[in-house]
Amino acid sequence: MFILSLLFGSSPGYGVGLEVGILGYELFLKETNVKKNQTPGWDFQMDQIGSDFQSVSYLNRTSSKSMFVGLKDKNKRNRIIWDIDIQLTTGKETGLKPYYLGKNNYLGYETSKFLLGVGRREHKFRPMSFQTSYDGGEGLFLEFLPQSNLTLQFFLWDQYSGALLFNKDRFHSLLPHSQNGKTNFSAESEPNESRRSHHRRHSFGLLYGDDYFKLRMGIQYIELGTWGRHVKDSPRETKTSGADGDSLVNGNLGLGFDADLLEVQFDFLWAKGNDRTSSKIANTPGSIPISGEAIQWGAELKFGDFLLRSSHFLSDREEKNEKNQIIKEGYISLGVHPGQTPYISQIFQIFPSAAVTESGYEKNFALRNGRCFGYLSELVLQFTYHQFVAKMVGSYFLPYKLGGASDGRISFQKRDFEVFSIGEGLLELSLKEDSYFELGIGFSQLFLPESIPIKSNFGYIFGRLEI
């Protein structure tokens, strides 16, 4: 920021845009009965210091408000280019991080053939099936453009921490956390291992194609270090180095077609690695190999003022023997949650696979902070009339069964999935004036089976003005 201020100060023609935003919400949550959860293996809150859903006392109403001030500017002077996008929030009392970076927030040196930069840069090679999916590197990156239809991205040093965005994290800490018998609404009450973690990531990706057809490919290597609840379960290595040396290689290969009326996307995803552990759940003593796959696909149709988009994510699962021991782990994802409905993507934040998030490598079979293998579907219907936008979004998550032997493969058979599903419907109405002004309201309804005795709905208002 100091360097940029010097750049701006040297010429009155450059300046940083100021962005001011507000956010208010109200959440209603209650039990429908007092029977024990009839869904084996699934909890409302699954962590070492938490408690079961039925014993928590805050099951009624949560409301609050927050505010952020942002700095935005994108410009170039000679060969120095900058793209600033950062939001400063009201802080931990609202459960938010002190600040959030935008999709891009960097300073760089650019020529006709390459860009060398430092800061956050979005992955152009990431899967594109979901409307709000995102991943990006934070550190030192290099982009080559050897020809007009080919882009190569190298992330030489990336301090990965979940690639958080404000719009993907603003509702994550709505529910309080139970700690030592006390209820705390602050996000600081969660175990935050990422603060003392070593999570170095290196990435390479390419994007090839024209305005209509695109081929994308990416590969990423991440060292999990001491990051996450599953990286310290081999005592011998942990005693000497603070962690047991888990690492992960993650990749994707995708195709996209984008015309004026129709867009189609498809990606094949894979993950390879090793989880060192002394747990008896491992079939091979000392470690569990990671070898997983997933697929994403989506289509968008535009007709007049209407937009219809359908997006899907299907992962594989753990391979287990008859003794319920794990032979190999399934797919592990990187980046933010692909969905956009508040409950599934933020309030409960249920990933459709194991995931490396801001809290590290996680695999939880839980309603809250779930990282569980399964199928996620999202349907978006949007209507735009001048500055008015009405959007309806439906999300549906169906997890794989937990018990019994499994071949670990991607399955399309109904018998391999749980008998229950988690659904959500969202209605959002807003007024938008280009990218400078936005004011809106949203309402979301949660749909759960009778075996999970919870009913809940959620409303929020939001506004943003760029000066």
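## Exercises on cavities, cores and strands

The second largest cavity has a volume of about 70 Å³. It belongs to a predicted model, and the exercises below work through that model.

**Exercise 1. Which residues line the second largest cavity, and how do they divide by class?**

Step 1. List the lining. G162, L164 and K168 belong to it. So do G335, V336 and H337. S345, Q349, F351, T357 and E358 complete the list.

Step 2. Sort by class. Three residues are nonpolar, six are polar and two are charged.

**Exercise 2. Find the volume of the largest cavity, and name the residues nearest its centre**.

Step 1. Count the cavities. Three of them reach 30 Å³ or more.

Step 2. Take the largest. Its volume is about 290 Å³.

Step 3. Go to the lining. The largest cavity has 23 lining residues. P127, Q296, Y331, S333 and L334 lie nearest the centre.

Step 4. Look for the main contributor. Strand β14, residues 247-258, gives the most to this lining, with three residues.

Step 5. Sort the lining by class. There are 11 nonpolar, 10 polar and two charged residues.

**Exercise 3. Describe the largest pocket: how much space does it hold, and which strand gives the most to its lining?**

Step 1. Start with the space. The largest pocket holds about 1300 Å³.

Step 2. Find the centre. Of the 42 lining residues, K103, N167, K432, E438 and R464 lie nearest to it.

Step 3. Name the strand. β29, residues 454-466, gives the most to the pocket lining, with five residues.

Step 4. Classify. The pocket lining comprises 14 nonpolar, 15 polar and 13 charged residues.

**Exercise 4. Is T341 buried or exposed, and what does it contact?**

Step 1. T341 sits in the loop between β20 (332-333) and α4 (342-347).

Step 2. Apply the cut-off. Buried means under 20% relative accessible area. T341 has a relative accessible area of 1%, so it is buried.

Step 3. Check the contacts, leaving aside neighbours within four places in sequence. T341 is in contact with Q346, E378, V393, S395, E424 and L426.

**Exercise 5. Which members of the largest nonpolar core touch the most other members?**

Step 1. Take the core, which has 58 residues.

Step 2. Pick out the members that touch the most others. They are F171, I347, F348, V356, L367, I422 and F458.

Step 3. Follow one of them. Apart from neighbours within four places in sequence, F171 is in contact with L23, Y25, P342, Q346, I347, F458 and Y460.

Step 4. Look for another core. A second, separate core has six residues, including Y106, F125, F141 and F155.

**Exercise 6. In the open sheet of three strands, which strands stand at the edges?**

Step 1. Write the order. It is β19-β18-β26, with antiparallel pairing.

Step 2. Read off the edges. β19 (326-328) and β26 (406-407) each have a single partner strand, so one side of each is left without a neighbour in the sheet.

Step 3. Inspect one pair. β18, residues 319-320, and β19 pair in the antiparallel sense over two bridges. E319 stands opposite K328 in β19.

**Exercise 7. How many helices and strands does the chain have, and what share of its residues is buried?**

Step 1. Count the elements. The chain has four helices and 29 strands.

Step 2. Give the share. Of 467 residues, 53% count as buried.

Step 3. Among contacts between residues at least 6 apart in sequence, 63% join residues at least 24 apart.

How values were computed: Residues are numbered from 1 along each chain as its sequence is written. This is a predicted model: local features need pLDDT of at least 70, side-chain atom pairs count only at pLDDT 80 or more; totals for chains, interfaces and linings use all residues. Side-chain values use heavy atoms; hydrogens and water are left out. A nonpolar core is a set of buried Ala, Val, Leu, Ile, Met, Phe, Trp, Tyr and Cys residues joined through side-chain atoms within 4.5 Å. Buried means under 20% relative accessible area, exposed over 50%, partly exposed in between (1.4 Å probe, protein chains only). Contact means heavy atoms within 4.5 Å. On a 1 Å grid over the protein atoms alone, a cavity is a set of points where a 1.4 Å probe fits but cannot get out, and a pocket is an open set with protein on both sides within 12 Å along at least five of seven lines; lining residues have an atom within 4 Å of a point. Grid points are joined across faces, edges and corners, and a volume is the space filled by probe spheres set on the points. Ala, Val, Leu, Ile, Met, Phe, Trp, Tyr, Cys and Pro count as nonpolar, Asp, Glu, Lys and Arg as charged, and the others, Gly among them, as polar. Two strands pair if DSSP finds at least two bridges between them.
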